[in-house]
Amino acid sequence: TQSKMYAVALSTPIIPRIPAINAAHRVNFTAPASPRIALAGTCARFTGVRLNNLSQQSALVGRRALNVRADMLEDLMKAMTGSKERIPTKEDCLPGNSTPIKVTNKHYITKNPIQGPFPANLKKTIFGTGCFWGTEKGFWRLPGVYSTAVGYSAGFTENATYEQVCSGRTYQNEVVQVVYDPAKISYADLLTMFWAQHDPTQGMGQGNDRGTQYRSGIYYDDDEQKALAMASKEAFQEKISAKGYGKITTEIIPATEFYFAEDYHQQYLAKPGARPYCSAQPTGIPLGAEWLPKEMADANAHKIPASFWADKGPRPGCTI
C-alpha cells in the first residue's frame, strides 16, 4: 500500500478516539476555524473526537473537535507514536507521577462516594471492556451498584494521565471500579454485564478503539471472584465459539492499584454536553445462569431477573 504523507500542525496534542463509522451513531460537530491537523493531498471529514485534558475541560461550553476518516487517522497516529497495540515492557514505559489525580468524591448519578474507604458491607471489583465511558454507564445502571469510577490499572506507570495512557507507553488499561452491595447484586450479575457489553475476542482494542488501553480484563479482588470469573469465561467461550467467534483474549488477574482518571471522565456520559460515543461491540450472546459452579451457586445466585436484561441489557451495535 502506498504510504500517505501528512503535514502536521499541532499547537496542542489531540488524542483520537475514533467514533464508529455507522451513520446512525455519528455525531457531527462544526470544524474549528483553524484545523489543528492538516492532511496533504487528501479529503478530510470533520466529526467528533475525544480531546486532550486541557481542551476537554472547556468542552462543556463548546466542543471543538477534529476527526478524519478512521483509516487515515489511524495511520497518522501510528506514524507519530508507533503501534499502540504492542505490549511495552516496564522499561519502555513512562515514569510515574508523584501526585494522584484529584476527583470529585461524589458519583454524579448515585450521589455516593467514589473513593474509599467504603462501608464494610460493600465489595469492589474492576473491569475493562474498551472505552471506559460506556463501560461505566453499563455498570452504574445495575441495581445494587453503590458507585462506579473510571481509571487506569493493570499497567506500569503510576498516576498516569489520560494523555500518557493514550501514548501506549504505560500499559495501563481504561477500567471501571465497581463498588456493589452483595446483598442486592451478585458478582455473577456483574459478570453477566461484563460479557454482554463487549466482544472479548478483539485483543488489544474494541471496535474502532485500538491500543493496549482498550483490552478486555477482569481484575478480581479475592479468590471467590477469581473462581467465578474463570468459570464464566469458560462457559462464555463455549457459547461464542458455537457462533463462530474466536478465542477470548480477556485477561483475568488480581486487581492492582486503581488510579482515578481525570474528573471530566468520571460518569462522563451522564453529564450535560457529553458526546454519546460508543465503540463497543456486544455480541448479543447471553452468558445465562447455568454456568455457576454447583458449590458456589447458592452463595452467588443471580439477583437481577432475566426481565431486566431483556429490557435494559446491552444490544449489538452499542452499549449506551
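Predicted model: local features only at pLDDT ≥ 70, side-chain atom pairs only at ≥ 80, totals over all residues.
Residues are numbered from 1 along each chain as its sequence is written, and side-chain values use heavy atoms, leaving out hydrogens and water.

**Exercise 1. Find the order of the strands in the open sheet of 6 strands, and its edges.**

Solution. Start with the terms: helices (H or I, at least four residues) and strands (E, at least two) are DSSP runs, numbered from the N terminus. Two strands pair if DSSP finds at least two bridges between them.
- Step 1: the order is S9-S8-S3-S5-S4-S10, and the pairing is mixed.
- Step 2: the edge strands are S9 (251-254) and S10 (259-260), each pairing on one side only.
- Step 3: S3 and S8 (residues 216-220) run antiparallel over 4 bridges, and Phe-127 stands opposite Ile-218 in S8.

As background, strands of a sheet pair through backbone hydrogen bonds, either parallel or antiparallel.

**Exercise 2. Work out how H3 and H5 are placed against the strands.**

Solution. Buried means under 20% relative accessible area, exposed over 50%, and partly exposed in between (1.4 Å probe, protein chains only). Contact means heavy atoms within 4.5 Å.
- Step 1: in helix H3 (residues 132-140), 9 of its 9 residues are buried, including Trp-133 and Phe-139.
- Step 2: the cover over these buried residues includes S3, S4 (145-153), S5 and helix H5 (187-196).
- Step 3: H5 itself lies across S3, S4, S5 and S8, at about 10° to S3. For such angles, axes are lines fitted to C-alpha atoms, for helices over the stretch in contact, and angles run from 0 to 180 degrees between N-to-C directions.

**Exercise 3. Examine the backbone at Pro-117, Lys-111 and Tyr-171.**

Solution. 
- Step 1: Gly-116 and Pro-117 are joined by a cis peptide bond, with omega about 5°. Pro-117 sits in the loop between helix H2 (70-81) and strand S3 (123-129).
- Step 2: Lys-111, in the loop between H2 and S3, has a positive phi of about 70° although it is not a glycine. Lys-111 is partly exposed, at 49% relative accessible area.
- Step 3: Tyr-171 also has a positive phi, near 60°, and belongs to the loop between H4 (162-166) and S5 (173-180). Tyr-171 is buried, at 12% relative accessibility.
- Step 4: look for charges over rings (NZ of Lys or CZ of Arg within 6 Å of the ring centre and within 35 degrees of the ring normal). Lys-111 lies over the face of Tyr-108, 5.3 Å from the ring centre, while Arg-215 lies over the face of Tyr-171 at 3.9 Å.
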